[in-house]
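Trainee: I would like a close look at one part of this model. Please take it step by step and connect it to the rest.

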Amino acid sequence: MKRLALVMVLAACGSDDGGGGGGGGDAAHQACVDETNMYRALRGKPAVAWSAELEAYADEGAEDDFSTSPHHHFSSTGGGGIAFAENECPQQGNWQAPAGGDVVPVVKACVKAFYDEGPGGGHYENMMGPYAKLGCGIYQSGTKITIVQDFGN
């Protein structure tokens, strides 16, 4: 099994890890934050900042949910005391990425699916909610992938 480290950075938004908006990471995790903030901006919502704490929590959730059920980690931990809303594209929903390949298109499609629900859709409402921070988790085994967004304040 291959576990992808999660790092989402949006330099303009800063971070809660003392890194001044820094951090490193791969393009897929950057895309998760960037895409979320792009859709928030379309609706006049402020950007959410990358959170190292939420990222670690979402990473655990993506791995747990991959082999259990969607939102299992979030509901069984009550959001871990830090996450107040969660969106997920579960591997059970046939989200697929090339094994060892580029997952950016899958992450972008996942975030777009949340937005495309529109007002009244639970994932859309979470994405547009009054949250200040975001952590995303990605877990991949072979071609199957689970992507989690956890929102906090």
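This is a predicted model: local features need pLDDT of at least 70, side-chain atom pairs count only at pLDDT 80 or more; totals for chains, interfaces and linings use all residues.

Is S51 buried or exposed, and what is its relative accessible area?

Mentor: S51 is buried, with a relative accessible area of 1%. S51 sits in the loop between β2 (49–50) and α2. A polar atom of the S51 side chain lies 3.1 Å from the backbone nitrogen of L54. L54 is itself one of the buried residues of α2.

Now follow the helix. Helix α2 covers residues 52–67, which is 16 residues. At 1.5 Å a residue they should span 22 Å, and the end C-alpha atoms are 24 Å apart, which agrees. The buried residues of α2 are L54, E55, Y57, A58, D59, G61, A62, D65 and F66. An α-helix has 3.6 residues a turn, so residues three or four places apart point the same way. In that list, look at L54, A58, A62 and F66, each of them buried.

Next, the cores. The largest nonpolar core has 27 residues. Inside this core, V107, M127, I145 and I147 have the most contacts. The elements giving two or more residues to it are α1 (27–42), β3 (85–89), α4 (104–116), α5, β4 and β5. Of these, α4 supplies the largest share, 7 residues. A62 and F66 bring us back to α2, where both are buried.

M127 is worth a stop. Leaving aside neighbours within four places in sequence, M127 is in contact with T36, Y39, R40, N87, V111, F114, Y115 and F151. Several of these names return among the rings.

The whole structure holds 4 aromatic pairs. Y115 and Y124 form one that is tilted, at 5.6 Å centre to centre and 45° between the planes. Y115 and Y124 are both buried. The rings of Y131 and F151 have centres 5.7 Å apart and planes at 35°, so this pair is tilted. Y131 lies in the loop between α5 (122–128) and β4 (133–141), and F151 in strand β5 (residues 144–152), so the pair ties together parts that are 20 residues apart in sequence. Y131 counts as buried at 15% relative accessibility. F151 counts as buried at 0%. Ring pairs also link Y39, Y115 and Y124 into a cluster. Y39 and Y115 are among the contacts of M127, and so is F151.

Terms used: Residues are numbered from 1 along each chain as its sequence is written. Side-chain values use heavy atoms; hydrogens and water are left out. Rings of Phe, Tyr and Trp (its six-membered ring) pair if their centres lie within 6.5 Å; planes under 30 degrees apart count as stacked, over 60 as edge-to-face and the rest as tilted. Buried means under 20% relative accessible area, exposed over 50%, partly exposed in between (1.4 Å probe, protein chains only). Helices (H or I, at least four residues) and strands (E, at least two) are DSSP runs, numbered from the N terminus. The expected span of a helix is 1.5 Å times one less than its number of residues. A polar contact is a pair of N or O atoms within 3.5 Å; within protein, one must be able to donate a hydrogen and the other to accept it, and residues adjacent in sequence count only if both atoms are side-chain atoms. A nonpolar core is a set of buried Ala, Val, Leu, Ile, Met, Phe, Trp, Tyr and Cys residues joined through side-chain atoms within 4.5 Å. Contact means heavy atoms within 4.5 Å.
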